[in-house]
Amino acid sequence: MANDVAILGRSTHVRGRVTGAASVEIAGRVDGEVDVSGDVTVEAGGLVSANVTGRRLVIRGAIKGDLNGSESIALEDGAKVVGDVRAPRIAIAQGALLRGYVQTANGGSAPRAKATTASRGAVPPPRASTPKHVEHKREVEKPKAAAPAHKAKAPPPPVVPALKKGAKGARRVGAIAGMSKKR
Amino acid sequence: MASTVIGAGITIDGEITTDEDVVVEGTIRGKLTAKDSVSIEAGAVVEADVIGGPLTVAGTVTGNITSSDRVDLQGGAKVIGNVKATRITIADGAQFKGNVDMDV
């Protein structure tokens, strides 16, 4: 794999598709789809104006198109992405800009991804209604905060009517348990 | 090291324009325009017109080659197309079918 790398330098401009079973490093410009089975790195100053598909994607440049990673996607400082991002594991670093829909592994099969990405696995459905409001990484944190709140509110009501007198203690315990779950 | 490398296993369908050195080990279909040297390594497949500076070919090229400098077809090279350059060398073992234009 080490040798199978395509490097598109700073002044290199490709108009067309880039495909293959190798890795690609893009520091120049690509006006066309990038679809490889290896890793894709878009360096600072690199620009891809179409979909990018690969195993592990590391983005420090600009993308106007969807990102699909079979393993992971990392948007690093300086990345500017306008498009959807899908991969089992996604990392968005401070300083990365993103406008688009984000989806981590389906069914929460993400293998102990960073806590944030794992908890986001369950989130997409509610977000589907507002995919275009996604401004950048900050909004990613909103559903994280909102999701546990919903869970905490939902369980108590059915419990309360069932146990009346002895319920006080149970409620408190439940409340405390709920609190600790929140954290 | 060249700053643009089309590695083995990579296929580009389209047009490539660059100011840098280019090394091709993979497949290109379309057009390759470089201002500096272009090296088409053994195993590379270029089905495209190639325009560049000093050009070395050890792989397969189907298309016209234009160089502002020289073109070297090395042993093992296979070229089908016209070659236009100020100087051209064809090594023993290179296959070549096409016209040569050396601005005589």
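## An aspartate in a loop of chain A

D39(A) is placed in the loop between β5 (34-36) and β6 (40-42) of chain A; strands (E, at least two residues) and helices (H or I, at least four) are DSSP runs, numbered from the N terminus. The model is predicted: local features need pLDDT of at least 70 and side-chain atom pairs count only at pLDDT 80 or more, while totals for chains, interfaces and linings use all residues. Residues are numbered from 1 along each chain as its sequence is written, chains are lettered from A and ligands numbered from 1 in the order in which they are written, and side-chain values use heavy atoms, with hydrogens and water left out.

With a relative accessible area of 18%, D39(A) is buried. Buried denotes under 20% relative accessible area, exposed over 50%, and partly exposed in between (1.4 Å probe, protein chains only). Not counting residues up to four places away in sequence, D39(A) touches A22(A), S23(A), V24(A), R55(A) and R56(A), where contact means heavy atoms within 4.5 Å.

## Salt bridges within the chains

Side chains of opposite charge can pair when their charged atoms come close. A salt bridge is defined as a side-chain nitrogen of Lys or Arg within 4 Å of a carboxyl oxygen of Asp or Glu, and the whole structure contains 15 of them over all chains. In one of these, the closest N and O atoms of R55(A) and D39(A) are 3.1 Å apart. This pair links distant parts of the chain, as R55(A) belongs to strand β8 (residues 52-59) of chain A and D39(A) to the loop between β5 and β6, 16 residues apart. R55(A) is partly exposed at 28% relative accessibility. A network of salt bridges links D39(A), R55(A), R56(A) and E71(A).

A further salt bridge joins the side chains of R60(A) and E76(A) (2.9 Å, N to O). R60(A) lies in the loop between β8 and β9 (62-64) of chain A and E76(A) in the loop between β10 (67-75) and β11 (80-82), so the pair ties together parts that are 16 residues apart in sequence. R60(A) is partly exposed at 28%, and E76(A) is partly exposed at 29%. In chain B, D69(B) and R87(B) form a salt bridge with closest N and O atoms 3.7 Å apart.

## The two chains

Chain A has five helices and 15 strands, and buried residues make up 38% of its 183 residues. Chain B has zero helices and 15 strands; of its 104 residues, 45% are buried.

## The interface

The contact between the chains takes 23 residues from chain A and 19 residues from chain B. The buried area is about 1500 Å², of which carbon and sulfur atoms give 45%; buried area is the accessible area (1.4 Å probe) that two parts lose on being put together, summed over both. One salt bridge is found across this interface: the side chains of R15(A) and E15(B) meet at 2.8 Å, N to O. On the side of chain B that touches chain A, two or more residues come from each of β1 (4-6) and β2 (10-18) of chain B, and β2(B) gives the most, with nine residues.

Strand β2 (residues 13-20) of chain A pairs with β2(B) in the antiparallel sense over eight bridges; strands pair if DSSP finds at least two bridges between them. Within this pairing, V14(A) stands opposite I16(B).
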